Amino acid sequence: MSSSCPVTTAFLTIHPDLAAFVLALTHDPHLTEDICQEAWVRLEQQITAGRSIENVAGYCRTIAKHAIMKHWQRQGRERPSGEKIIDLLADGFEAEPPDDGERLGALRQCLQGLDEPARALLQQRYIDRRPAQSIAERIGVTLEALNMRLMRIRQALKQCVAKRLLRTSGE
């Protein structure tokens, strides 16, 4: 396993909150996924370059914030208050950080519950850091189909983690 495995686990743990943050601002699920992927790639590049990222969630939200602002500029929708709105929303996500111990434990259990093909895709993409295009070619699907599979796997993990956390909080 790669030395970035803890960072990968941390990214998978914060992904639901990051996606909620982006979706709240863009109202576009496809753009949300693109921005989350961009945040993952930038995080991975920084770690590969030897930079230590202590606050993965904050770093990814900052990447997402800049991507959203660029998107709004390209669309001619940038508003002077746009950045302030993003910052306020980001503060809301920072106000109650998740208990990483509980969430990471739930994520580990959910990862173990995935079928082998799903775990293999996650391993190749996020742990081995293989390019999505090469994985798609190797398994004989389009890049779009691979990205959809990865999105569905992440959604399944999100739901599984949420259920496990509900169970533990209700006990």
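## Helix 2 against helix 3

In helix 2, Leu31, Ile35, Glu38, Ala39, Arg42, Leu43 and Gln46 meet Val56, Tyr59, Cys60, Ile63, Ala64, Ala67, Ile68 and His71 of helix 3. Contact means heavy atoms within 4.5 Å. By class, this contact has 11 nonpolar, two polar and two charged residues. Ala, Val, Leu, Ile, Met, Phe, Trp, Tyr, Cys and Pro count as nonpolar; Asp, Glu, Lys and Arg as charged; the others, Gly among them, as polar.

This is a predicted model: local features need pLDDT of at least 70, side-chain atom pairs count only at pLDDT 80 or more, and totals for chains, interfaces and linings use all residues. Residues are numbered from 1 along each chain as its sequence is written, and side-chain values use heavy atoms, without hydrogens and water.

The axes of helix 2 and helix 3 (residues 56-74) lie 9 Å apart, at an angle of about 130 degrees. The two helices are therefore oblique to each other (under 35 degrees is roughly parallel, over 145 roughly antiparallel, 65 to 115 roughly perpendicular, the rest oblique). Their crossing is right-handed.

## Helix 6 against helix 7

Helix 6 (residues 116-127) and helix 7 (residues 132-139) have axes that come within 10 Å and cross at roughly 150 degrees. Helix 6 and helix 7 are therefore roughly antiparallel. Leu121, Gln124 and Arg125 in helix 6 meet Ala132, Ile135, Arg138 and Ile139 in helix 7. The residues of this contact divide into four nonpolar, one polar and two charged.

## An aromatic pair

The structure holds one aromatic pair. The ring centres of Phe11 and Trp40 are 5.0 Å apart and the planes stand at 50 degrees, so the pair is tilted. Rings of Phe, Tyr and Trp (its six-membered ring) pair if their centres lie within 6.5 Å; planes under 30 degrees apart are stacked, over 60 edge-to-face, the rest tilted. Phe11 lies in helix 1 (residues 5-26) and Trp40 in helix 2 (residues 29-48), so the pair ties together parts 29 residues apart in sequence.

## Confidence

The protein chain averages a pLDDT (the predictor's confidence in each residue, from 0 to 100) of 79.

Note on methods. Axes are lines fitted to C-alpha atoms, for helices over the stretch in contact, and angles run from 0 to 180 degrees between N-to-C directions. Helices (H or I, at least four residues) and strands (E, at least two) are DSSP runs, numbered from the N terminus. A crossing is left-handed if the near helix is turned anticlockwise from the far one by less than a right angle, and right-handed if clockwise.
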